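Here is my note on the model you sent. Keep the structure open beside it and check each point as you read.

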Amino acid sequence: MTGPDDSHALRGVRAAELAPLPTRAHRQHRAYSCTNCGHWQRWFAHTPPPSCPVCSDVRNELPVDGFEFLRETEVDELVTTSWREAVPGVTEFWCDPVVGLGSHGWVLETAEGLLGFEAAPWYSADALAELRRRGGLRVLASSHVHGFGGLWQLQDELDPPVVSVGVHDLTWTKAFRVTWPADDRTELAPGITLHRTGGHFPGHSVLHDAGRGLFFCGDSLKIDLDEHGNAVALSAHKAFHAQIPLSRAELRSMREIVGALEFDTVFSPFEFARGVTTRHVTALVDHMLTNPPSAAPVPMDLLTTKVTVLA
Ligand SMILES: [Zn+2]
Ligand SMILES: [Zn+2]
C-alpha cells in the first residue's frame, strides 16, 4: 500500500528541473493500430505485427479472419477527432467513425495543470493544438490497456512529466514509456488519486476526483445508457466481451476500495453518466455477491434497494 509519501515524491518530480524524456526512442519503428480493437503497437517499419496481444487475450474476441493493422497516416485520414466539455473542468475527446474499441479520453483541469486519463484512439493535429493551447498535459494516466487509445501519441507530442499506469500492467505499455509506475494508491494531482482495484486486469486502476465527486472507473464498471444518456443498468466483469464474471474476492476488494470513494458522476473509457453514485456501485457489488457469478447488467432500479450480503 502506498500513501502520502508517494504523493510528496510526485510533487517533487513536478518541481524538479526535468531532463527531456526519451519518449521518441522508438521513432525508427512505426505505430500500428489493430483494426479489430484499436490497440497500438510499435513494430518494424516494413512489417506489420504478426498479431494483436489484446485481441489474443482471453478477455477479447479474435477478428473473424486474421489480423489487419492501420498505420498512423491511415488512421489520421480515416477519423475525425472531436472534443467537448463533458462536465465543468473535464473535456472529452473521441473519434468518428469509431475505430477499434472506440475509447474516449478525458482531460481534467487540476490545480497543477491538465491531467489526461484514458485516451481517444487518435488525436488530430487540431486536437493536439487545442491541448498545447491549454498548456499541454502535466500528467497522463490510464486505467488499463483498453483505455490506452492513442496515449503513446500524447506522450510523443506533448511529453508530460508524469505518465502513470499500474505497475502490474506494464506488459501492455510497450508503445509508450511509463515514467511513474503506480502502486495501490497514487495522488496524481491535488485531490485526484489513482487507486488500484485489480479485477479486470491485475494493475487495473481507477481515478477519483474527490473535490468534484468524479469517478473514472476504467472497466471496473460498464454503464448501459438510454438514448438520452441516462444510466439504466450497471455491470462489472472480469471480461466484458467474453462475459467472464469477477471472482468473489475480486468483488469484495472492489467494494472495499470503491465504496470508500464519494462520487456522483462516473466516466468509463467509453461513456459517462451523471447520477451514478457510490451507493449504486456498492449495491451492484452486493447484488453480485448475493447471486451466482454473472457479468450481466443489473437495472438501476434494483440498485436503490438495500440487499443483504450473503457471500
Ligand atoms: Zn486487437
Ligand atoms: Zn477493459
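1. Start with the contacts of G166. Setting aside neighbours within four places in sequence, G166 touches A182, G203 and S205. The C-alpha atoms of G166 and G203 are separated by 4.6 Å. Along the chain, the two residues are 37 residues apart. Bear in mind that this is a predicted model.

2. Where does G166 sit? Its place is in strand β9, residues 162-166. G166 counts as buried because its relative accessibility is 1%, and the cut-off for buried is under 20%.

3. Next, the zinc ion (ligand 2). Which protein atoms are its donors? They are NE2 of H144, ND1 of H146, NE2 of H200 and OD of D219. These donors lie 1.9 to 2.0 Å from the zinc ion. In sequence, the donor residues follow the spacing H-x1-H-x53-H-x18-D. H200 and D219 link distant parts of the chain, 19 residues apart. H200 belongs to the loop between β12 and β13 (205-209). D219 belongs to the loop between β14 and β15 (222-225).

4. Now the geometry of that site. The four donor atoms of the zinc ion (ligand 2) make angles of 97 to 122°. The site is tetrahedral. For comparison, the ideal angle for four tetrahedral donors is 109.5 degrees.

5. Are H200 and D219 buried or exposed? H200 has 3% relative accessibility, so it counts as buried. D219 has 7%, so it counts as buried too.

6. Turn to the six-stranded sheet. It is open, with the order β11-β12-β13-β14-β17-β18 and mixed pairing. β11 (185-189) and β18 (272-274) stand at the edges. Each has a single partner strand, so one side of each lacks a neighbour in the sheet. From one strand to the next, the twist averages 20°.

7. β11 pairs with β12 (residues 192-196) in the antiparallel sense, over four bridges. To see the pairing, find E187, which stands opposite T193 in β12.

8. A second sheet has three strands. It is open and antiparallel, in the order β15-β16-β19. Its edge strands are β15 and β19 (298-299), each pairing on one side only. β16 (residues 231-235) runs antiparallel to β19, and two bridges join them. A233 has P299 in β19 as its bridge partner.

9. Then the hairpin. β1 (residues 30-34) and β2 (residues 40-43) run antiparallel, joined by four bridges. R30 stands opposite W43 in β2. Five residues lie between the two strands of this hairpin. In the turn, G38 has a positive phi of about 90°.

10. Last, helix α6 (residues 248-258). Which of its residues are buried? L251, M254 and V258 are buried. These residues cover an arc of only 60° around the axis, which puts them on the same side of α6. An α-helix has 3.6 residues a turn, so residues three or four places apart point the same way. What covers the buried residues of α6? The cover includes β14 (214-216) and α7 (278-289).

Methods
Residues numbered from 1 in each chain as written. Chains lettered and ligands numbered in written order. Predicted model: local features only at pLDDT ≥ 70, side-chain atom pairs only at ≥ 80, totals over all residues. Heavy atoms only, no water. Pairing = 2+ DSSP bridges. Axes fitted to C-alpha atoms, helices over the stretch in contact; angles between N-to-C directions. Buried < 20%, exposed > 50% of the residue type's maximum accessible area, 1.4 Å probe, protein only. Arc of directions from axis to C-beta. Contact = heavy atoms within 4.5 Å. Donors = N, O, S within 2.8 Å, 3.2 Å for Na, K, Ca; no water. Tetrahedral: all angles 85-135°; square planar, octahedral: opposite > 155°, others 65-115°.
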